[in-house]
Amino acid sequence: MLLAKDVMPFSSYNFTSRWRYLMVATIVLAIRIISNDPLAIRATQLSNDPTRVQYHPSPRVRVVPAIVFARYGKRALRLDLYLPIDNREAVPGVIVIRGGGWMVNDRKESAHVASALAERGVAAASIEYRTADEAAFPGAVQDVKAAIRWMRANAKLYGISPDVIGTLGGSSGGHMALLAGISNDHDLEGKGGNNNVSSRVQAVVAMATPTDLLRLDAGGRSVVARFLHASPAQDPKLWARASPINHINAGGPSVLLLHGTADENVLPEQSETFAELYRRAGGQVELVLLPKAPHPFWNYTPWFEDTMNRAAAFFHRVANDLQKRSK
């Protein structure tokens, strides 16, 4: 089973009537997931772990909330933008995509990640996306592409370098970050807005990422089937198309893969195989295996700070390399 890890993170919310409604809706979703897979019980217990990192506003970060970045008819998608206050020049920009089995649409649940990146000099947009219930694949990936285009189109307004934009995500969010980052499939672009702007990225950080959907266990495949609205038997080509491992090309962005060795939901072999194939194709890829780290390690101590340091350093390193090449 993958990706039910962050279903019930309520401890950081003020329970006004609005949040009570959100809590009830989320509990209903958690019950649905648990009823379908007993491994989700372990996931919910892990989500309630007191070592889970909570978001706290930082004096070094400016937040621009609820920006509409994509529209599909009357449907508007929003992001929260976290900006480093002390930057004196354009900084790398990153689209942050949360996990949750392609079924949990709450951009605030990645606030701690986006804020931590901004503290480290990276502008980070925590986005919402259309869930699998609202839009089957490739809807959510199209939303990531739309967010990339929005950031590039508005980069100068917010002090972001339009030439150094990346994606970051974990679990299903890592899947979307990686697929949106490396693919050249025009059908993944969508029509969310800013369609005259490039969605190409220069860097991807993908954590605990399912790179080959067909190689997940039975529990994982059942989650993916809800995302794709088809089983492997019903549409094997769709499953192949939705797997990042089948979009590897020599001209792709730099990629950093982070994976816990104790991940029982998405095995580390998923990242190891992708890294080997990406390197063979001529791509720049780094693989870091974190000893004893579980599936959603980036949300928990003691791995959170190390993960954010690695990710921010990676984005800055890519930016510096690109700057050197342009001279």
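What share of the 327 residues in the protein do buried residues make up? Buried residues make up 58% of them, where buried means under 20% relative accessible area, exposed over 50% and partly exposed in between, with a 1.4 Å probe and protein chains only. This is a predicted model, in which local features need pLDDT of at least 70 and side-chain atom pairs count only at pLDDT 80 or more, while totals for chains, interfaces and linings use all residues. Residues are numbered from 1 along each chain as its sequence is written, and side-chain values use heavy atoms, with hydrogens and water left out.

**Overall makeup**

- The protein has nine helices and eight strands; helices (H or I, at least four residues) and strands (E, at least two) are DSSP runs, numbered from the N terminus.
- Of the contacts in the protein with a separation of 6 or more, 78% are between residues 24 or more positions apart; contact means heavy atoms within 4.5 Å.

**Helices H4 and H5**

- Two packed helices are described by the angle between their axes and the distance between the axes.
- For helix H4 (residues 139–153) and helix H5 (residues 172–182), the axes come within 9 Å and cross at roughly 65°. Axes are lines fitted to C-alpha atoms, for helices over the stretch in contact, and angles run from 0 to 180 degrees between N-to-C directions.
- H4 and H5 cross in a right-handed sense; a crossing is right-handed if the near helix is turned clockwise from the far one by less than a right angle, and left-handed if anticlockwise.
- On the H4 side, Ala-140, Val-141, Val-144 and Lys-145 meet Met-176, Leu-179 and Ala-180 of H5.
- The residues of this contact divide into six nonpolar, no polar and one charged. Ala, Val, Leu, Ile, Met, Phe, Trp, Tyr, Cys and Pro count as nonpolar, Asp, Glu, Lys and Arg as charged, and the others, Gly among them, as polar.

**Aromatic rings**

- The structure holds seven aromatic pairs. Rings of Phe, Tyr and Trp (its six-membered ring) pair if their centres lie within 6.5 Å; planes under 30 degrees apart count as stacked, over 60 as edge-to-face and the rest as tilted.
- One of the pairs joins Trp-102 and Phe-227, which are stacked at 4.3 Å centre to centre with 5° between the planes.
- This pair links distant parts of the chain, 125 residues apart: Trp-102 is in the loop between strand E3 (91–97) and helix H3 (111–119), and Phe-227 is in helix H6 (residues 218–228).
- Trp-102 counts as buried because its relative accessibility is 0%, and Phe-227 counts as buried because its relative accessibility is 1%.
- Trp-102, Phe-137 and Phe-227 belong to one aromatic cluster.
- Arg-130 lies over the face of Tyr-72, at 3.7 Å from the ring centre; a charge sits over a ring if NZ of Lys or CZ of Arg is within 6 Å of the ring centre and within 35 degrees of the ring normal.

**Backbone exceptions**

- Most residues other than glycine have a negative phi, and most peptide bonds are trans.
- The peptide bond from Phe-137 to Pro-138 is cis, with omega near 10°; Pro-138 lies in the loop between strand E4 and H4.
- Thr-301 and Pro-302 are also joined by a cis peptide bond, with omega about 10°, and Pro-302 is in the loop between strand E8 (285–290) and helix H9 (304–326).
- Ala-208, in the loop between strand E6 (203–207) and H6, has a positive phi near 50° and is buried at 0% relative accessibility.
- Lys-292 is not a glycine but has a positive phi of about 65°. Lys-292 sits in the loop between E8 and H9 and is exposed at 72% relative accessibility.

**Selected loop residues**

- Ala-293 is in the loop between E8 and H9 and is buried, with a relative accessible area of 0%.
- Ala-293 and Thr-261 are 32 residues apart along the chain, with their C-alpha atoms separated by 5.8 Å.
- Not counting residues up to four places away in sequence, Ala-293 touches Gly-260, Thr-261, Ala-262, Asp-263 and Trp-303.
- His-247, in the loop between helix H7 (236–241) and strand E7 (254–260), is buried at 13% relative accessible area.
- Leaving aside neighbours within four places in sequence, His-247 contacts Leu-179, Ile-182, Ser-183, Asp-185 and Arg-241.
- Glu-134 is in the loop between strand E4 (123–127) and H4 and is partly exposed, at 40% relative accessible area.
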